[in-house]
Amino acid sequence: MAPVLDVCIRGAGIVGRTLALLLARDRLRVGLVQAAPAAGSDVRAYALNAASRQLLESVRGWPDAAHETPVTGMEVHGDEGGCVRFGAGSRPALAWIVDVPALEQRLDDALRYQPFVTVLDAPARAALTVACEGRGSATRAEFGVQYDVQPYGQHAVAARLHCEKPHGHVARQWFQSGEVLALLPLGGEAPAAGSQSVALVWSVGQSRSESLLQCPAADFESQLVAASEGALGQLTLASQRAAWPLQLARADRWCGPGWALAGDAAHSVHPLAGQGLNLGLADVRELARVLHEREYWRSVGDVRLLRRYERARKGDTLAMGATTDGLQQLFAQDHAAWSMLRNLGMRGFDASGPIKQWVVRQAAGRL
């Protein structure tokens, strides 16, 4: 017999699993629709802020110290010598770089001990359906939602690397001729443990991404060393390479009677600020809060209730989308005047004091 459900979550990625655990704490009966596992190893790593860490810790979903690496500094380099540097200051870290497989495994472990969550092979009837299937969501289309997509004509190339020099728990990023290269520290909390491993996210044009995926490892590594200006010395591939297309996208509606969207099913931004999963987890936190605080006589699928969630989250995601899009467009301009202006701006911002600290607080999740 099919379980009687309060909420059916379609999509069992990090966003869906976290939402299931939060709702189960309120003794809501949750069905979690599990997708088929992806083939091959996962080379992705996410930058998670303090708010996301706190949320995941609250559901026992935060990975152990070997799989979360604190970022205590950040360097952002322009194309003509402009540079912005951030430090954690009195905070434990600016963010944490988390291995995706380790995070997913920890969430799975937590779900196994949660009797209010039932893992399903197919969607089931519930008072509320939440689509957490990612940007290719079929549920979104089923509910007639328009998904406005602006392709960037770029792909993110990802891999794991061994670097000649220790990364020092600093995340490094370069903006060059419209491309964005990020090297994110890995190896866990201990300075001596894996301090010369990094995760690569390299946003490049589609044809260039195909070339980077197919070229010999030695050619790939030499191009990386040049693009990173030798900051970490020789870089050596330590994994397979992967790539996916980049886009700015947003749904015109996030909810309706008996349904809601969360995570990439509702919005997608350029990865240059590392905020994609942070936005999705902020959706989860707000939706769970709204359902927890609902009037006793309201169903979890009440559209007036769900619109509180939509109003609370739409503004933040639109602002982040506009910010990342603006930065991507700014650094895509190849005229000399644009280059001079943006690099002067970077130098001015680096010396701005309070403004710079405000940006750090926003990126950390406002904690």
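**Close-ups of helix packing and sheet pairing**

**View 1. Helices α1 and α3 side by side.** Helix α1 and helix α3 (residues 100–112) pack at about 25°, with axes 10 Å apart; axes here are lines fitted to C-alpha atoms, for helices over the stretch in contact, and angles run from 0 to 180 degrees between N-to-C directions. That makes α1 roughly parallel to α3, given that angles under 35 degrees count as roughly parallel, over 145 as roughly antiparallel, 65 to 115 as roughly perpendicular and the rest as oblique. On the α1 side, Ile 14, Arg 17, Thr 18, Ala 20 and Leu 21 meet Val 100, Leu 103, Glu 104, Leu 107, Asp 108, Ala 110 and Leu 111 of α3 (contact means heavy atoms within 4.5 Å). Sorted by type, the residues of this contact come out as eight nonpolar, one polar and three charged; Ala, Val, Leu, Ile, Met, Phe, Trp, Tyr, Cys and Pro count as nonpolar, Asp, Glu, Lys and Arg as charged, and the others, Gly among them, as polar. The crossing of α1 and α3 is left-handed, a label used if the near helix is turned anticlockwise from the far one by less than a right angle, with right-handed used if clockwise.

A note on the model: it is predicted, so local features need pLDDT of at least 70 and side-chain atom pairs count only at pLDDT 80 or more, while totals for chains, interfaces and linings use all residues. Residues are numbered from 1 along each chain as its sequence is written, and side-chain values use heavy atoms, with hydrogens and water left out.

**View 2. Helices α1 and α2.** Here α1 (residues 14–25) meets α2 (residues 50–58) at an angle of about 55°, again with the axes 10 Å apart. The two are therefore oblique to each other. Thr 18, Leu 22 and Arg 25 of α1 make the contact with Leu 55, Leu 56 and Ser 58 of α2. That set splits into three nonpolar, two polar and one charged. α1 passes α2 in a left-handed crossing.

**View 3. The six-stranded sheet.** This open sheet runs β8-β2-β1-β9-β17-β16, with mixed pairing; helices (H or I, at least four residues) and strands (E, at least two) are DSSP runs, numbered from the N terminus. At the edges sit β8 (117–120) and β16 (255–256), each with a single partner strand, so one side of each has no neighbour in the sheet. Helix α1 packs on the sheet and touches β1, β2, β8 and β9, its direction making about 170° with that of β2.

View 4. β1 pairs with β9 (residues 126–131) in the parallel sense over five bridges, and strands pair if DSSP finds at least two bridges between them. Leu 5 stands opposite Ala 126, and Arg 10 has Ala 131 as its bridge partner in β9. Four bridges join β1 to β2 (residues 30–33), also parallel, with Ile 9 opposite Leu 32.

**View 5. Strand β4, covered on both faces.** Glu 68 and Pro 70 on one side of β4, and Thr 69 and Val 71 on the other, are all buried. β4 runs antiparallel to β7 (residues 95–99), joined by four bridges. Val 71 has Ala 95 as its bridge partner in β7.

Technical notes: Buried < 20%, exposed > 50% of the residue type's maximum accessible area, 1.4 Å probe, protein only.
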